[in-house]
Amino acid sequence: MKGNITFAILLILSLILSTSCVKDNIITNNDNNIANVVNLRFSFTFEDEEITRAVSDGTQVDILYYAIVDESGKLLNKNVRELRSNELASKTISMNLTLSAGVSYRAVFWVQNSECDAYTFSDDMSVTVDYTGANNDEIRDAFYGVSNLFTTTDGIVKVVLKRPFAQLNLGTGDWGNVIVPENTNPVTATGVTVKGLADTFAPLTGEAS
């Protein structure tokens with residue numbers, strides 16, 4: 001991302017991503033009875049690819065976290081998978097899950113760079129953000145999506161991934177005109193401090209705190 005970036009818990013931007021076809025995960029909440037199940041293929045897109053391209057291309061994301069809860073909020077499955085380079089290059093990424101038929105679920109997805117340590121997750125996939133570190137760090141780019149599920153037949157579920165962070169860009173056209181006092185080091189960087197930001201985001205509810 002160009003310019004210095006401060007991450008705030010706000011829902012405003014989005015990018016394109018998805019996850020590849022992998023071996024089905026079987027998730028049921030009826031005493032492991034898989035006689036009556038549906039096979040779902042999740043297909044991921046981004047909310048506004050044109051806006052996102054102007055900000056970041058998301059090429060640093062390479063891992064997907066996801067969780068499935070029932071309608072009472074009970075966690076049924078939480079997992080993570082790496083995205084392969086060919087999946088990201090082709091942007092033909094999807095993921096398969098097998099669920100009990102005729103049951104209400106909620107699914108939450110989070111995509112980020114595997115080397116990023118700015119985020120930690122609770123069992124319900126609430127995300128806690130660590131703001132320390134340098135700005136303008138592309139590997140802290142991340143996206144999330146939530147899907148409400150109730151189906152009795154196999155099918156494709158389209159999930160829109162959104163960037164849950166605001167981006168602050170700083171720029172100047174007169175850097176060369178900065179007056180540097182004699183015998184001092186030249187100016188090579190600037191900084192910005194933002195206070196009072198929320199540091200926890202719950203994708204299932206869309207709430208920040």
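Biologist: In what order do the strands of the open sheet of four strands run, and what is the sense of their pairing?

Modeller: In this predicted model, the order is S8-S9-S13-S14, and the pairing is antiparallel. Strand S8 (119-121) and strand S14 (207-208) are at the edges, where each has a single partner strand, so one side of each is left without a neighbour in the sheet.

Biologist: How do you know that strand S13 and S14 pair?

Modeller: Two strands count as paired if there are at least two bridges between them. Strand S13 (residues 200-202) and S14 have two bridges, in the antiparallel sense, so the pair meets that cut-off. As for the residues themselves, Ala202 has Glu207 in S14 as its bridge partner.

Biologist: What makes Glu82 exposed, and where does Glu82 lie?

Modeller: The term exposed applies over 50% relative accessible area. Glu82 has 64% and is therefore exposed; this residue belongs to strand S5 (residues 75-82).

Biologist: Why is S10 described as largely enclosed by the rest of the structure?

Modeller: Five of the seven residues of S10 are buried, which is why the strand is described in this way; buried here means under 20% relative accessible area. S10 also pairs with S7 in the antiparallel sense over seven bridges, and Arg106 has Asn148 in S10 as its bridge partner.

Biologist: Which residues have the most contacts inside the largest nonpolar core?

Modeller: That core has 22 residues, and those with the most contacts inside it are Phe42, Met95, Phe109 and Leu149. Among the elements that give two or more residues to this core are strand S7 (105-112), strand S10 (143-149) and strand S11 (155-161). Another core, of 15 residues, lies apart from it, and its members include Ala67, Trp110, Ala118 and Phe201.

Biologist: Why is the contact of Arg163 with Asp141 called a salt bridge?

Modeller: The cut-off is a side-chain nitrogen of Lys or Arg within 4 Å of a carboxyl oxygen of Asp or Glu. The closest N and O atoms of Arg163 and Asp141 are 2.8 Å apart, so the pair qualifies as a salt bridge. The pair links distant parts of the chain, 22 residues apart, with Arg163 in strand S12 (residues 163-166) and Asp141 in the loop between strand S9 (127-129) and S10.

Note on methods
Residues numbered from 1 in each chain as written. Predicted model: local features only at pLDDT ≥ 70, side-chain atom pairs only at ≥ 80, totals over all residues. Heavy atoms only, no water. Buried < 20%, exposed > 50% of the residue type's maximum accessible area, 1.4 Å probe, protein only. Core = buried A, V, L, I, M, F, W, Y, C linked by side-chain atoms within 4.5 Å.
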